[in-house]
Amino acid sequence: MATSTYRGRLAPSPTGYLHVGHARTFWTAYQRARAHNGTLVLRNEDLDPQRSKQEYVQGFIEDLQWFGITWDEGPDVGGPVAPYSQGERRDFYLLAWKKLYESGFIYPCICSRKDLAEIAEAPHEASDEAIYSGRCRDRKLEMAAPRGVNWRFRVPDGHPVNFRDTAQGEQTYTAGVDFGDFLVWRRDDVPAYQLAVVVDDSSMCITEVVRGCDLLKSTARQLLLYEALGLTPPAFYHCDLVCDDAGVRLAKRHDALSLRSLRQAGVKPEQLRSQWQMCRNDDE
Ligand SMILES: [Zn+2]
């Protein structure tokens with residue numbers, strides 16, 4: 001039972017089986033919650049109805065348990081801040097959209113995929129968005145709900161976003177340079193990851209977010225959302241990423257080993273933990 005106010009979370013997406021890279025991050029989150037005598041929340045990030053599958057929810061629950069990770073609240077055990085699946089939290093996201101809309105932080109973007117490809121300024125990581133030109137920035141739409149169009153957050157160009165990461169130290173990003181106006185709601189009526197995560201971490205009272213180093217820049221975007229929504233951000237702990245023998249990030253290898261296949265091959269969780277190699281965070 002938790003004896004402190006620390007609240008951490010595990011936030012897997014049911015779009016495939018967990019691989020070793022996920023396990024490393026979730027293990028760190030688990031260790032930190034236990035070290036603080038805190039509470040660990042399991043959140044099912046099934047935001048994308050096209051890519052999420054129920055079998056993978058059962059899959060990550062089984063794989064995490066096999067790995068030795070336990071949690072205190074979640075879609076399988078319930079808890080005081082239910083529901084724990086993003087697919088059931090739409091009302092929370094709509095409220096946040098409305099707040100951002102009414103205070104003028106977001107605007108509708110009608111650029112097509114083709115427009116966006118043509119105006120992309122720089123090559124970007126697969127996990128990242130290209131810097132948006134701001135072409136639709138002055139566009140206005142009278143709407144009661146976000147339906148049918150992309151909505152972007154207007155970042156304060158040139159404004160520094162500074163934060164101290166517990167694992168990686170001081171971080172500085174510049175809005176409009178390191179990242180541009182990012183999506184908060186998609187035209188297919190699905191809230192964007194950045195908005196959903198901020199709303200959930202806040203409403204689930206998470207005090208520390210543990211995740212991979214590849215999301216450091218994403219944290220800068222999210223801090224702008226916390227500010228715009230008048231919410232207090234949690235602390236952040238970005239883990240080093242796991243690499244294979246050749247130094248390639250596991251998350252970037254499409255053949256990254258799933259926990260499931262390792263378990264079936266007779267590998268033990270202790271063996272995996274002793275073999276982890278960390279990547280140097282040198283690709284920014
Ligand atoms: Zn646009």
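Me: How many of the 14 residues of α6 are buried?
Reply: This is a predicted model, in which local features need pLDDT of at least 70, side-chain atom pairs count only at pLDDT 80 or more, and totals for chains, interfaces and linings use all residues. Residues are numbered from 1 along each chain as its sequence is written, and side-chain values use heavy atoms, without hydrogens and water. Buried means under 20% relative accessible area with a 1.4 Å probe, protein chains only. α6 is largely enclosed by the rest of the structure, because the buried residues number 13 of the 14.

Me: What length does helix α6 reach from its first C-alpha to its last?
Reply: Helices are DSSP runs (H or I, at least four residues), numbered from the N terminus. α6 covers residues 216–229, and the expected span is 1.5 Å times one less than the number of residues. That gives an expected 20 Å, and the helix comes close to it, reaching 20 Å.

Me: Which residue just after α6 takes a positive phi?
Reply: α6 ends at residue 229. A phi of about 70 degrees follows just after the helix, at glycine 230.

Me: At what angle do the axes of α3 and α5 cross?
Reply: Axes are lines fitted to C-alpha atoms, for helices over the stretch in contact (heavy atoms within 4.5 Å), with angles from 0 to 180 degrees between N-to-C directions. α3 (residues 90–102) and α5 (residues 193–203) have axes that come within 10 Å. The two helices are therefore roughly perpendicular, a term for 65 to 115 degrees. Their axes cross at roughly 110 degrees.

Definitions and conventions:
Buried means under 20% relative accessible area, exposed over 50%, partly exposed in between (1.4 Å probe, protein chains only). Angles under 35 degrees count as roughly parallel, over 145 as roughly antiparallel, 65 to 115 as roughly perpendicular and the rest as oblique.
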